[in-house]
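Here are a few notes to read alongside the model. Have a look at the structure first, then work through the points in order.

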Number of protein chains: 6
Amino acid sequence: MFYHVKELQYEAKPERPDPVYAKKLQEVLGGQYGEITVMMQYLFQGFNCRGEQKYRDMLLDIGTEEIAHVEMLATMIAQLLDNAPVQEQEEAAKDPVIEAVLGGMNPQHAIVNGLGAQPNDSAGYPFNARYTIASGNLLADFRANLNAESQGRLQVVRLYEMTTDRGVRDMLSWLIARDTMHQNQWMAAIEELEQNQKAIVPATFNQQFEKQEVSYSFMNFSQGEESSTGRWANGTSMDGQGQFEYVSQPKARGQNPKLAPAPPYIHGTPPNNANHNPSQ
Amino acid sequence: MFYHVKELQYEAKPERPDPVYAKKLQEVLGGQYGEITVMMQYLFQGFNCRGEQKYRDMLLDIGTEEIAHVEMLATMIAQLLDNAPVQEQEEAAKDPVIEAVLGGMNPQHAIVNGLGAQPNDSAGYPFNARYTIASGNLLADFRANLNAESQGRLQVVRLYEMTTDRGVRDMLSWLIARDTMHQNQWMAAIEELEQNQKAIVPATFNQQFEKQEVSYSFMNFSQGEESSTGRWANGTSMDGQGQFEYVSQPKARGQNPKLAPAPPYIHGTPPNNANHNPSQ
Amino acid sequence: MFYHVKELQYEAKPERPDPVYAKKLQEVLGGQYGEITVMMQYLFQGFNCRGEQKYRDMLLDIGTEEIAHVEMLATMIAQLLDNAPVQEQEEAAKDPVIEAVLGGMNPQHAIVNGLGAQPNDSAGYPFNARYTIASGNLLADFRANLNAESQGRLQVVRLYEMTTDRGVRDMLSWLIARDTMHQNQWMAAIEELEQNQKAIVPATFNQQFEKQEVSYSFMNFSQGEESSTGRWANGTSMDGQGQFEYVSQPKARGQNPKLAPAPPYIHGTPPNNANHNPSQ
Amino acid sequence: MFYHVKELQYEAKPERPDPVYAKKLQEVLGGQYGEITVMMQYLFQGFNCRGEQKYRDMLLDIGTEEIAHVEMLATMIAQLLDNAPVQEQEEAAKDPVIEAVLGGMNPQHAIVNGLGAQPNDSAGYPFNARYTIASGNLLADFRANLNAESQGRLQVVRLYEMTTDRGVRDMLSWLIARDTMHQNQWMAAIEELEQNQKAIVPATFNQQFEKQEVSYSFMNFSQGEESSTGRWANGTSMDGQGQFEYVSQPKARGQNPKLAPAPPYIHGTPPNNANHNPSQ
Amino acid sequence: MFYHVKELQYEAKPERPDPVYAKKLQEVLGGQYGEITVMMQYLFQGFNCRGEQKYRDMLLDIGTEEIAHVEMLATMIAQLLDNAPVQEQEEAAKDPVIEAVLGGMNPQHAIVNGLGAQPNDSAGYPFNARYTIASGNLLADFRANLNAESQGRLQVVRLYEMTTDRGVRDMLSWLIARDTMHQNQWMAAIEELEQNQKAIVPATFNQQFEKQEVSYSFMNFSQGEESSTGRWANGTSMDGQGQFEYVSQPKARGQNPKLAPAPPYIHGTPPNNANHNPSQ
Amino acid sequence: MFYHVKELQYEAKPERPDPVYAKKLQEVLGGQYGEITVMMQYLFQGFNCRGEQKYRDMLLDIGTEEIAHVEMLATMIAQLLDNAPVQEQEEAAKDPVIEAVLGGMNPQHAIVNGLGAQPNDSAGYPFNARYTIASGNLLADFRANLNAESQGRLQVVRLYEMTTDRGVRDMLSWLIARDTMHQNQWMAAIEELEQNQKAIVPATFNQQFEKQEVSYSFMNFSQGEESSTGRWANGTSMDGQGQFEYVSQPKARGQNPKLAPAPPYIHGTPPNNANHNPSQ
């Protein structure tokens, strides 16, 4: 169960409205790697957790923090939209600074949301739950989480570069620092799990049931062998179970597929012109 | 540019048709972490690559291999659908084995695809490009890739458990082995990049611009302190730049937000009953 | 069955083209609460209606009218796009008025639709059927309809504020008046149903099967008690069946969940390192 | 900012696993009118609220409660999935009870989520943010909320009918009671707002700018006049501003549209065969 | 503007309920090539039509007919759902015929729609407007329409094969006949347009601006030359402007791409470890 | 299986960056009729092909070529984004040419993709697999393909009109020429199939099972008879099996639907006020 306090986790006070920037900032609120995504991902991983309690507790700690980040970003966006002008008059258009702002605004911020934040990304595309994963395998999911925090911090940093508003940058500098922690956190949790099990997900599948002759082979399907110089093509494999091998000219080992014709009731391309009477 | 050879990378020959399993197998073809996802993700990361040629080449090697995996899975699914019965007659229903097959089949496999594979997941939801990422930052993207191969191998292993068809298992054992390699590959590439730059993405953002006092703090937002015992709350941070700290009772530092009223032309909840005449 | 007459329900004649406004006007054509949504919603409620014929007839009356509103908006948008310039030349860009227009146009209006309307919203996101509801319970659905007409009229009013074109405003003033009627219509139908059954949907569920001790309790989960002063926390409940109660400090009554470990064939996070051989 | 306690708001303890029912229960977790929808809708309405503090506080009270409902449903679904069998063997198929369970299970619950809840509906379609609305006009939004709670309680009641598990029914009886309160709550808040402003949203648009001659006319577009007997066609309008009128044979008042030909650079259907050289 | 009459275009009376078949029949109502798709596609092509009036009139004739097909299918589906049982009791499960029906039903038909039709396909995926096209070029769009009617008739025929209910088959035989006409109709309209303009869309682009040396070359990118025996590789091209040519070994003519590094404010993969201070 | 060579099929070298045009060009990469769509459509039609090998081979030839077109467009877009400025400073805004560029750029190109291409359309909407079809009936699918190449060439021609960059136009002139070939190719393949089977898809459905009295009737549902003058209303039908007939006043032949009330456990609108106790 959850409780709410009115104060934000950190200040969200822009120096001045900026509706065009509000549109851009939506990316890290409702985008593929925005705060709604990580909020939902961590909460569902926590709710579904069948592992040790310390992981469940940790997931719900960070999931609950992310709801607060959603709140901060929504609050910031609403203020960036304060008094956004809705009508593009010719007079306004003569001032290119004003007009630039008007032209680039997300029209839904006015028409649909009445100058409020929306749970969408910077293209106006809605958050959807297929952005998130809770697989029941914590090592797999913590890798998803490390990726989400990496993409997320990258996007917030790019947004930091896109404004000079000191209030906005102040809030973003909080989010960037928390993403530093969260990348560290998932790296720590991954290291812990990799030490307790094998590094390849899922660790429990007995590798004798996989085609082990290609478990450590790098295959060169793109002409040119620059890829042969990477770590992935040389030395002991990262899981310590094999030696990387570079296959310069990978060959096809499978059949040339010939599919059987479809039965008549499917009405595929007919082998001849005969009509098919439906079965009765 | 690309060339195609008719033979599959590996055999795709089921022992017998199984339309219910065909539906399930769609998950790793067109699902969130299916082969279409990694095919598109690696190809776009390669096409967009502004880094060293060895990364570009490597991305296009593996992206090209993934097109072959799409081909293998589609071929397998088409054969699992051979002669799928389309009509649920009462006679059929009296044989529960047959009926179980009928009842669980994806009806679109017959109605829409005429007993062919579709680029959808096991719930019939179509692949979409928001499953993929090409951020222009290779460390971020390789973490996305490691996650995709971890979720993907987990799903293929679960599908391996769901059948006893030796032909299907044979093909899956190939895909599982390749996913072993691909997890290893991304782990190797990540290690290489982390050694050349800092481990936190993006490495180039000068950390003095982030709120460093919370860059290494684990915050306890879920009652109960089981989370204090993890590696993420103790010792040197994974990036080597700080010490993990456990904040038992995190406090709100921000304002209690009071948003300004909307201007009249927005027609939000009115402060009073006065009509607003539109501007003219 | 349906018939069409060539004349529009009301005039749709803009004074002059305005491709930027055309983009915005898409919201009330193909958006979440646009005319396509209410057209589909009312028609499906009518087609599915298992209640009295007067409701079925009324739903098909208004559903049929909404097809005409789709037609009017599409016709208006096509004219607003007349001769929209497609090329942003440097010369044009030197005239900020022209350029503002160009920069804000939806490029799909030219590339995809050849200067025609599209069934999308103002962000270019397509109409989809999950915007609509036909639940088989008319009181529930009429509340959906009242909401749709409320959001819809609000959006049309905002769009009225965004233009000074007298032709556009003339047509919008028609749609606003019809939305006045349609809000009134659903309020009337709701009142009629609430008088014939209980006000809580579904009226037929015997309330003794619900946890009646919390059926009229307002729970204070957000710190601060401003919410205690509303009508919802004081007096007789709106359905006349209880007294509103304000619960200042709501307590958790449920268990602290501990989920059982997953079976081995699921390959969740392993309790130990043992391999799992797939069943055969 | 938010805090979490480990205990659920109410017990979520099924008597026994039931993977088929788990699939169905997803509807009220991640569906169009599920708990995720109301959670997001109320939180965003609260975060964006520019009106009186008592509304903001109330929205955040209920939004925070809804996160707890998401938690309860996810916990219940995970338990309903305990030990779900993944393999459809012929032996199992001979027991129709077991097989019925297997055949109707959502395969993603095993393949993707490892026997955990997912933020999707009962068809496996993901929650998306276009289900929600925060318009900045509280009367409009409270009507959206009353609808959501009406559809939601209806769906939970139907799910109550679909099981005999006493543990599931016990939890659902809690949710049904809370939905009783929440319908009452929105009805109370709506009454309060309608008394302070006019009942037609938005109340601030001066009605002299709408085509008032059709503001209270019911138009008969579907042959047959059963609809003339409803409250919506007779007597004083619900907003008290007019008299309902029944228009038996509504006429078209607009033009027969003739759109201008597209300019040559659009390459629409050509008026003649002349080639168009692109401008240079 | 539109009018509705109560009678259906043709009888929609099933012999008996069949909820599993109701689920399947959704494909041709709300699917990619269902009746909603063609209804929307023809109406928007008509509303947007800038060509001759006979095309506009014809598009609105057929678009209006398709609304009636939506109505017939919705009516049929509602009746197929009559009295669908919602509870899977163990007793029921012992009768495999009944249980088969229960297990394969779309649960949303009961939970969401209360035994009514929904505007979704047979996988429960909602209709969306990206299924449709109105390009402003009639020859292009009539080809879209011929395809839609071809896919649509194919799907209806497959559904005809899937039932023995004489009432359902009777209605489908009507839809199949109308699709016969509609395929003929688009073939006729296409022939007319191709005779008046060139067969390649758009006919107005002066072909001297395209790379004419590859305008009639079939390129063999898949090993094996079976494709050389088709009409597309031999003889005069279909537009009469060239000779088909078979290129057995197509060569790459473009550059090996080397993209420039991203500027520092993008924070791509860094060329070195230097921090980037954001611009101020 | 597939192989990649580094060189592009044709040069993709813009004269200069143009981030606004990059946004527009996305349409033919990731849009409804973009190169990803045809790539996926042809590959799946080929993988699923149960017909003659020459069709399978031909489909894989062209599907493989389309991957190369995806590569060319992605490469072009990345270069058009070179050094795109991300910050809208007041200074920049004073230069309307620069500002026009900034205002119209897709913000995700910087925030999400780091100046790389994305698999989305020009509105930022992601490619999804419901754009594609592989029905198992080659004549149906080749009509889909002819449509896709018609819409695609139309869109590329419009994009050609929207730029004066000679490098971009050079590459587009390649794609336009290939689309000329591909339209010719599908027309040739369609002609071949139509000569071997009947022209109406599916050719195998015995027409005596359709309602033949309306198989060749054009029905006039839109007031006005301009549509009577088209080829579709006069003469022998295109399939040679009938005579077109113009039905000036089409009549409804079906029932006026009266649906049965829903059973009590569905909780539709109640016929009376009686409570329903859930079954136990």
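1. Let's start with Asn83(C): it counts as partly exposed because it has 14 C-beta neighbours inside 10 Å. (On this scale, with C-beta atoms placed from the backbone, a residue is buried if 20 or more other C-beta atoms lie within 10 Å of its own, exposed if 12 or fewer, and partly exposed in between.) Asn83(C) sits in the loop between helix H4 (53–80) and helix H5 (90–93) of chain C. Its phi is near 60°, which is a positive value in a residue other than glycine.

2. A word on what you're looking at: this is a predicted model, where local features need pLDDT of at least 70, side-chain atom pairs count only at pLDDT 80 or more, and totals for chains, interfaces and linings use all residues. Residues are numbered from 1 along each chain as its sequence is written, while chains are lettered from A and ligands numbered from 1 in the order in which they are written. Helices (H or I, at least four residues) and strands (E, at least two) are DSSP runs, numbered from the N terminus.

3. Is His267(D) buried or exposed? His267(D) counts as buried, because it has 27 C-beta neighbours inside 10 Å. You'll find His267(D) in the segment after strand S3 (245–247) of chain D. Here, too, phi is positive in a residue other than glycine, with a value near 55°.

4. Next, the cis peptide bonds. In chain A, the bond from Val201(A) to Pro202(A) is cis, with omega near -10°. Pro202(A) belongs to the loop between helix H9 (166–196) and strand S2 (217–219) of chain A. In chain C, the bond from Val201(C) to Pro202(C) is cis, with omega near -10°, and Pro202(C) is in the loop between H9 (166–196) and S2 (217–219) of chain C.

5. Now for the contact between chains D and C, which takes 101 residues from each of them (two residues are in contact if their C-beta atoms, placed from the backbone, lie within 7 Å). On the chain D side, H4 (53–80), H8 (138–161), H9 (166–196) and strand S2 (217–219) each supply at least two residues. H9(D) gives the most, with 15 residues. That side of chain D divides into 46 nonpolar, 34 polar and 21 charged residues. (Ala, Val, Leu, Ile, Met, Phe, Trp, Tyr, Cys and Pro count as nonpolar, Asp, Glu, Lys and Arg as charged, and the others, Gly among them, as polar.)
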